[in-house]
Protein chains: 2
Amino acid sequence: MGATKKELFTKKQNEIAAMAKAIAHPARIAILHELLKANACICGDLVDELGLAQATISQHLKELKNVGLIRGTIEGTSICYCIDPLVWSAYKEVFAHFFKEAPASQNCC
Amino acid sequence: MGATKKELFTKKQNEIAAMAKAIAHPARIAILHELLKANACICGDLVDELGLAQATISQHLKELKNVGLIRGTIEGTSICYCIDPLVWSAYKEVFAHFFKEAPASQNCC
DNA sequence: CATATCAATCGTAAAATTACGATTGATATG
DNA sequence: CATATCAATCGTAATTTTACGATTGATATG
């Protein structure tokens, strides 16, 4: 045990959960905030901004890259990161759609 | 190590991450889907619907209750669950706001 | 009151996540 | 070419998450 039983759920359910998991860590939220704030590429000052070790941040960046939310481009001796606008809007859309349905009103429980 | 260093991040960042984590499992997405579909309370047939053990589902329900997304009311020998509309819209709002900012266009990386 | 039913909780095992130091590899720069 | 810099990766430890069987507690029902 310990491993999520993905086969029990629909593709959509696994997808939404995976997307949520990708942003389910404050460091990754902070990274995305930085990238949004800069509104452009950011070349590695992330290690200075957040207080985590270089290896840890690299790991978070990897996760964000794996789901496609960010891209990295080699820029001389350092690397530039930026948000992928298409994947970003896909995320926006999925969460908007998920929360779109309004739950039944107070009259239930 | 192994524990998230929450003190490094803003309250908002920790909040968004925590909200994402709450729905970062397909079983919890499936539970919310069921509650939305029923558009009312559901009395415990969740164990039959999802293929997980009763203890496991109870644990997922507990997490959803902890963040306030669902409520449970005792109904005779069983318990009725439903989505809390206010917390639900709070979630909708937070994610909508987070993804609202448009990242810089393709011209970057 | 004895029994059945439902859900929470306990205890525990397996796996995944988070974090970091150290190393590696790649690219400038002197 | 030697050296410095930056980021990925490796190896590993601590912690958290996921899952389940077993038990417990509470509420109906005979």
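On the face of α4(A) turned away from its buried side sit the exposed residues (over 50% relative accessible area, with a 1.4 Å probe and protein chains only) Ala55(A), Gln59(A), Lys62(A) and Asn66(A). The buried residues of this helix (under 20% on that scale) are Ile57(A), His60(A), Leu61(A) and Leu64(A). These four cover an arc of only 100 degrees around the axis, which puts them on the same side of α4(A); the arc is taken from the directions from the helix axis to the C-beta atoms. An α-helix has 3.6 residues a turn, so residues three or four places apart point the same way. What covers the buried residues of α4(A) includes α1, α2, α3, β2 and β3 of chain A.

The model is predicted, with local features requiring pLDDT of at least 70 and side-chain atom pairs pLDDT 80 or more, whereas totals for chains, interfaces and linings use all residues. Residues are numbered from 1 along each chain as written, chains are lettered from A and ligands numbered from 1 in the order written, and side-chain values use heavy atoms without hydrogens or water.

| Side chain | Atom of DNA strand D | Distance |
|---|---|---|
| Thr77(A) | base oxygen | 3.3 Å |
| Tyr81(A) | phosphate oxygen | 2.6 Å |
| Arg28(B) | phosphate oxygen | 3.2 Å |

The elements giving two or more residues to the surface near this strand are α4 and β3 of chain A together with α4 of chain B.

How values were computed: Contact = heavy atoms within 4.5 Å. Polar contact = N/O pair within 3.5 Å; in protein donor to acceptor, adjacent residues only side chain to side chain.
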